[in-house]
Amino acid sequence: GLFESKIGKHGGPATKTVDLGGGVKLELVRVPAGEGVIGNGERQPLRRVKIERPFWMGRFEVSNEQFARFDPAHDSRLEHGDFLHFSVEQRGYPLNTPTQPVCRVSWNQARDFCRWLSEKTHTRFDLPSDEEWEYACRAGTATPFCFGSEESAFADYANLADISFRRTKPAYQDREGRPQIVPEWRPAIVTVNDHYRVSS
C-alpha cells in the first residue's frame, strides 16, 4: 500500500523525498485538498467526499528494498506458476526483487512500517483513510480508475489481469518431446498487454 504524511493547508512543493538510509529513498507526492466521488455504484454506493487538507502520499507502492530498511527478514516470495513446481522457473514468478512492490504484508505490518518511518524522520506517517486512498487514486476523475474504466487500456498505468497474466507456459513434454500446454483459464482482459505476468 501507499503511505502518507499530513501537511499544512497552504501550497508548497509538489514532491518530496524521504531518506530511509543506505541510499534508499521514498518519493512522496502532494495530494491537494478538494472534493471527489468515491465508491463504485455496485458494492459501494457512489458518494461525494471532501478532503479538507492536502496530504503527502507515496508516489509508488513501497518496494521490497524500502520495506527491508524496516524489516530486513521480510520475503515477498513467489507467485506460483501454472503447473509442476520442480525447477525455479516452474515454481513461479519472483516477487522479491528490490524494486518490486512489497507483497504479503499484513495491515499491522504496514502500520508498523509507518510507525518506524515516523520515528526515523520525526514526521507523522500513517496509512491513508479509505476516502483519502480512493480520492488520490482517482486523481480528480469520476471513473473507477484515474485512467478510465475496467475496459480501458490500462497497460501504461497498472499491472492488472491482462493477456500476459492469462498466458501459460508449457507444463511438460510428451514422449516425442512436444510441449504440452495447460489451457489458458485465468479471467483477463485479452486486448491489453503490459508484458509482465507479475509486477516488474
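Is Trp 116 buried or exposed? Trp 116 counts as buried, at 19% relative accessibility. Buried means under 20% relative accessible area, exposed over 50%, and partly exposed in between, with a 1.4 Å probe and protein chains only.

A word on the model. It is predicted: local features need pLDDT of at least 70, side-chain atom pairs count only at pLDDT 80 or more, and totals for chains, interfaces and linings use all residues. Residues are numbered from 1 along each chain as its sequence is written, and side-chain values use heavy atoms, with hydrogens and water left out.

Now the rings. The whole structure holds 7 aromatic pairs. Rings of Phe, Tyr and Trp (its six-membered ring) pair if their centres lie within 6.5 Å; planes under 30 degrees apart are stacked, over 60 edge-to-face, the rest tilted.

Take Phe 70 and Phe 113. Their pair is edge-to-face, 6.0 Å centre to centre, with 85° between the planes. It links distant parts of the chain: Phe 70 sits in helix H1, Phe 113 in helix H3 (residues 107-121), 43 residues apart. Helices are DSSP runs of H or I, at least four residues; strands are runs of E, at least two; both are numbered from the N terminus. Phe 70 is partly exposed, at 25%. Phe 113 is buried, at 0%.

Phe 70 also pairs with Trp 116. Centres are 5.9 Å apart and planes at 50°, so this pair is tilted. Trp 116 is in helix H3, 46 residues from Phe 70.

Put together, Phe 67, Phe 70, Phe 113 and Trp 116 form one aromatic cluster.
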